[in-house]
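Subject: Handover of a structure

Dear colleague,

Please find below the structure that I am passing on to you. My notes on what was found in it follow directly after.

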Amino acid sequence: MKKTWLRFRQEGLRDALREAVYFKRIMVAVAKDLEAGPSLMNPPLRTIIVNGQNYGRYKKYPGIGNVLHHCRRGACALLLFRDMDLLGYQLWTMDKNFADLKKLGLALKDNEAYLFDLFVYPRYRGTAVPKIIATETFNHLVSRGIDKICGFYFKDNFKALWWHKATLKAREIKQVPTSRLFMVE
């Protein structure tokens, strides 16, 4: 619900409903081998890693209820800030029982992570912010011994398709149809 509420506040009712109710929508599972790359960070940009141990410190930041929800349950997030302004975030997990993995029929190895919910606030879309978040997330994961990631996008989300194929150069693994009626999948 928090994710739907955030989408409603940021992008409007139409986009929020599109994510809350759909039938036979195609999930495209993707994978990518990781290697460290050059940082794209310049001051005053900074990142914070939020996890199950420290998520309580970040309750004061507006708009990250979805992040805190997942971090309470074992996920991690990289948050990108300019001074005190949150630009966006990326969530990931190494939990082999994560619901998306089961739905996609994917199994994580110990050196793999599942990425989900790359979110960039609308006023920063079309800038370098998504690339910065991805690069810093990848560099962090590589520093932790992760050498492969997987995730998914919906086939009808052309921005996500472009991001995964052209920018990330992730390879498609499989396609899985799915339906959702609010909270029931």
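**Aromatic residues**

Y114 is buried, at 0% relative accessibility; buried means under 20% relative accessible area, exposed over 50% and partly exposed in between (1.4 Å probe, protein chains only). This is a predicted model, in which local features need pLDDT of at least 70 and side-chain atom pairs count only at pLDDT 80 or more, while totals for chains, interfaces and linings use all residues. Residues are numbered from 1 along each chain as its sequence is written, and side-chain values use heavy atoms, with hydrogens and water left out.

In the whole structure, nine aromatic pairs were found. Rings of Phe, Tyr and Trp (its six-membered ring) pair if their centres lie within 6.5 Å; planes under 30 degrees apart count as stacked, over 60 as edge-to-face and the rest as tilted. One of these pairs is Y22 with F154, edge-to-face, with 5.3 Å centre to centre and 65° between the planes. Y22 belongs to strand β1 (residues 21-33) and F154 to strand β6 (residues 148-154), so the pair ties together parts that are 132 residues apart in sequence. Helices (H or I, at least four residues) and strands (E, at least two) are DSSP runs, numbered from the N terminus. Y22 is buried at 6% relative accessibility, and F154 is buried with a relative accessible area of 10%. The rings of Y114 and F116 are stacked, because their centres are 5.9 Å apart and their planes are at 20°.

Y22 and F154 also form one aromatic cluster with F152.

**Residue Q90**

Q90 is located in strand β4 (residues 85-93) and is buried, at 6% relative accessibility. A polar atom of the Q90 side chain lies 2.8 Å from the backbone oxygen of F116. F116 is itself buried, with a relative accessible area of 7%.

**Helix α5**

The 15 residues of helix α5 (residues 129-143) should span 21 Å at 1.5 Å a residue, and the end C-alpha atoms are 21 Å apart, which agrees. The expected span is 1.5 Å times one less than the number of residues. Of the 15 residues of α5, 12 are buried, including I133 and T137. G145 follows α5 and has a positive phi, near 90°.

Yours sincerely

Notes. A polar contact is a pair of N or O atoms within 3.5 Å; within protein, one must be able to donate a hydrogen and the other to accept it, and residues adjacent in sequence count only if both atoms are side-chain atoms.
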